[in-house]
Amino acid sequence: MANVAKLAADALTEGGGIFRLAPTWVPRSFLQPGRRLKLRPQDYYALGMHRGGIDERWFGSTTEAANENRNEDEGLSYCVHNGERFLLRDAVAELKGEVIGDEIWDTYGKWPVYSKFFDNMGPIPHHMHQNAEQAKLVGQEGKPESYYFPPQMNQIGNNFPYTFMGLEPGTSKQDVIDALDRWNEGDNGILDLSKAYRLKPGTGWLIPPCVLHAPGSLVTYEPQWGSDVFAMYQSLVEGRMTPRSLLTKDFPEEKHNDNAYLVEALDWEKNVDPNFKDNNYLEPIVSEEGEGWVDKWIVYGKVDSKQLFTAKELTLQPGAKCTVKDGGAYSWITVQGSGRIGKLKLQSPVMIAFGDMTEDEVFVTAKTAGEGVEFENTGTEPLVGLRYFGPNAQPNAPEIGAWKK
């Protein structure tokens, strides 16, 4: 990776501490694309019908997608400099704390988080993501995650803009075991034990590991831990069968037929929490603002007392300029307008051909973020971007529920 080290160093010198990233597209064979990712219509099956449609775009990712028959680099972000491409993962491995900050490098030895847009026509099966202890049993990492529904991506809600989350208070573990026992009888009825919440653009949720959720059909910006583990507990979605292998794939093989074990894997207290919305729902909170611009928290709060990731939404009106300092490295995606970040141009595209380069995505190194990054809106509409941070980067971030105060 010696060549990567030089390429990455040259890219950071020319970009003023900022990498330009290429779009990273990920298909899911068991879902139907919602077609709001700005991908060219004929390219949603660019990886082949057997792979399924592209319904996700990943940002600042050093995490591989856990897809069957996947490409070797699926899910990984590429930096682009002077026509050369190299993996963000390799740049981090070479330049270490220079890119992601010494604290994150010394603790994790990698960039441990990522984000994505996921965009589906209908809902995803009711599922959970294993915690760190459970995932370690199969050589992986746990996955807490969060949601934000960008208004710019959600002009239409598609088929089911509601998300089932958790389980109704009073549900018993035997109720869920019985649902899993009915796996091969069609709809196993797991949603009869849950509650759906209407999704509202411009809001979000914090989802701890081991909590069931069936994301609805809004385009979702999803900062999360750098893992792709999951277990799907719903056998049938909109008439589509969920293979049981998607329930068991990230549990020890000897437990695949033990439905009681699979139910014990759920965080029961969090799933049946009678105050689920109060403890998990997010609305934006202003962090900083000035003439013609405002920076808002969109993802905040802790998971089991730990700040694992946070995210902000920066909006600049036409002609506005600001300098923003942050506590750590971040990945940025432009969702509206045009302008610049430091030395680099920003432009939210109308349509993207598969494999083409864009000017909407960058990765800002920790040092540069701490010194302050200048943004400018050079267009005629608001310039809006979303950026997420790694662990403990934002000690002053609000707590869950702070939006009500």
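This is a predicted model: local features need pLDDT of at least 70, side-chain atom pairs count only at pLDDT 80 or more; totals for chains, interfaces and linings use all residues.
Leaving aside neighbours within four places in sequence, I listed the contacts of His129 as Lys143, Glu145, Pro209, Cys210, His213, Val229 and Phe230. I then placed His129 in the chain: it sits in the loop between strand 7 (127-128) and helix 5 (132-136).

Is His129 buried or exposed? I noted a relative accessibility of 5% for His129, and because the cut-off for buried is under 20%, His129 counts as buried.

Next I looked up the polar partners of His129. Its side chain makes a polar contact of 3.1 Å with the side chain of Glu145. A polar atom of the His129 side chain also lies 2.6 Å from the backbone oxygen of Val229. Both Glu145 and Val229 are in the contact list of His129.

I turned to the nonpolar cores. The largest one has 57 residues, and the members that touch the most others are Phe19, Phe86, Phe117, Tyr221 and Phe363. Which helix gives this core its largest share? I found that helix 1 (residues 2-15) does, with 5 residues.

Apart from this core I noted another, of 21 residues, which includes Ile177, Leu247, Trp268 and Val272.

I took Phe86 from the largest core and listed its contacts. Beyond four places in sequence, Phe86 is in contact with Val4, Leu7, Ala8, Ala11, Phe19, Ser77, Tyr78, Cys79, His81 and Ala91. Phe19, one of these contacts, is also among the core members that touch the most others.

After helix 2 comes Lys96, and I noted its positive phi, near 50 degrees.

Last, I checked the confidence. The protein averages a pLDDT of 97, and 100% of the residues score at least 70. Among the elements, I found the lowest mean pLDDT, 92, in strand 17 (residues 240-241). The highest, 99, belongs to strand 21 (residues 310-316).

Key: Residues are numbered from 1 along each chain as its sequence is written. Side-chain values use heavy atoms; hydrogens and water are left out. A nonpolar core is a set of buried Ala, Val, Leu, Ile, Met, Phe, Trp, Tyr and Cys residues joined through side-chain atoms within 4.5 Å. Buried means under 20% relative accessible area, exposed over 50%, partly exposed in between (1.4 Å probe, protein chains only). Helices (H or I, at least four residues) and strands (E, at least two) are DSSP runs, numbered from the N terminus. Contact means heavy atoms within 4.5 Å. A polar contact is a pair of N or O atoms within 3.5 Å; within protein, one must be able to donate a hydrogen and the other to accept it, and residues adjacent in sequence count only if both atoms are side-chain atoms. pLDDT is the predictor's confidence in each residue, from 0 to 100.
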